[in-house]
Amino acid sequence: MNHDTFVYQIPDIPRVFTDTLRKDAPYIARKPRDHESLFIVTNGTLLYEKEGRRELVKEGQIGYIARGSVDTSAACDCDAVSYMAVNFCHDRKNPIPTLPFETVCSQGIRFNYESLFSQALSYYLSKTPGYVAICSGLIMQIIGCLYSEYKSLNFDNRKIQSLKVSVEYMKAHFTDSGFEIRKLSQIAGVSEKHFRRVFMEVYGKTPSAFLQEMRINKAEILLAGTSKSITDIAQQCGFTDVYSFSHSFKKNTGYSPSEYRAGRV
């Protein structure tokens, strides 16, 4: 593959699904996989093992499983781990991976991956006319975003590493209603002005925009996958009140929380 001129296509109908692995009930591949997979962890932490190597894929992170893998997936330090996934590029005769990604191929915050996975899952389950083309398009968008991050990581890894601890802190605390962006620059040990400039260079958005996007992504999952009240979801995602949550949600998605939930029933 020429990584400078990235060209990719999905040669078959992908399978999009959601699943949950319970504690002490891992998934064990009995033979080499004849397909590739991308998945996003939506709750808990997934332990992935392959050829003696162990990787933790945390909530909000994207994982890639190469064709030909003989592997094990399990819940780690939690009762269960849930995820949305897509299987594609099936080929029993050719075990060679077609993508250049590592197992953990994204921290899941630069692009709206959760929304893309959720949309692909909704269309796949609907089986409406044209759903295969729409699903394939959404999956190609996910792959394109991941490849953009892959190139960025290899192009300017020093800057990304300088933000790593701060980004991890944001991921761990973005649901705190009192979260302060200035805390991130303090963790990085730089001025707030410098931190915001480097963050924008690396991620293409301000820290505040990323914080908001993470909260909205989490809200989308809770609205689509739980029966929790909108008030509870607002609080769980770090919003101080339902009004600010509803205003922000509609601004980012084009729908009110109730409209978004109704559209996925």
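Me: Which residue of S7 does Glu49 stand opposite?

Reply: Glu49 stands opposite Thr72 in S7. This is a predicted model, in which local features need pLDDT of at least 70 and side-chain atom pairs count only at pLDDT 80 or more, while totals for chains, interfaces and linings use all residues. Residues are numbered from 1 along each chain as its sequence is written, and side-chain values use heavy atoms, with hydrogens and water left out.

Me: What makes S4 and S7 a pair?

Reply: Two strands pair if DSSP finds at least two bridges between them. Strand S4 and strand S7 (residues 71-75) have five bridges, in the antiparallel sense, so they meet the definition. Leu47 of this pairing stands opposite Ala74 in S7.

Me: How do you know that S4 also pairs with S5?

Reply: S4 (residues 46-50) and S5 (residues 53-57) are joined by five bridges, again antiparallel. Here Glu49 stands opposite Arg54 in S5. The hairpin of S4 and S5 has two residues between the strands, and Glu51 in this hairpin takes a positive phi near 55°.

Me: Why are S2 and S5 called edge strands?

Reply: The open sheet consists of four strands in the order S2-S7-S4-S5, with antiparallel pairing. Strand S2 (27-28) and S5 each pair on one side only, and are therefore its edge strands. In general, strands of a sheet pair through backbone hydrogen bonds, either parallel or antiparallel.

Me: Why does the radius of gyration of the chain agree with a compact globule?

Reply: The radius is taken over C-alpha atoms, and the globule rule is 2.2 Å times the number of residues to the power 0.38. For 265 residues the rule gives a value near 18 Å; the chain has 19 Å, so the two agree. The C-alpha atoms fill a box of roughly 55 × 45 × 40 Å along the principal axes.

Me: What share of the residues counts as buried?

Reply: Buried means under 20% relative accessible area, exposed over 50%, and partly exposed in between, with a 1.4 Å probe and protein chains only. Of the 265 residues, 45% count as buried.
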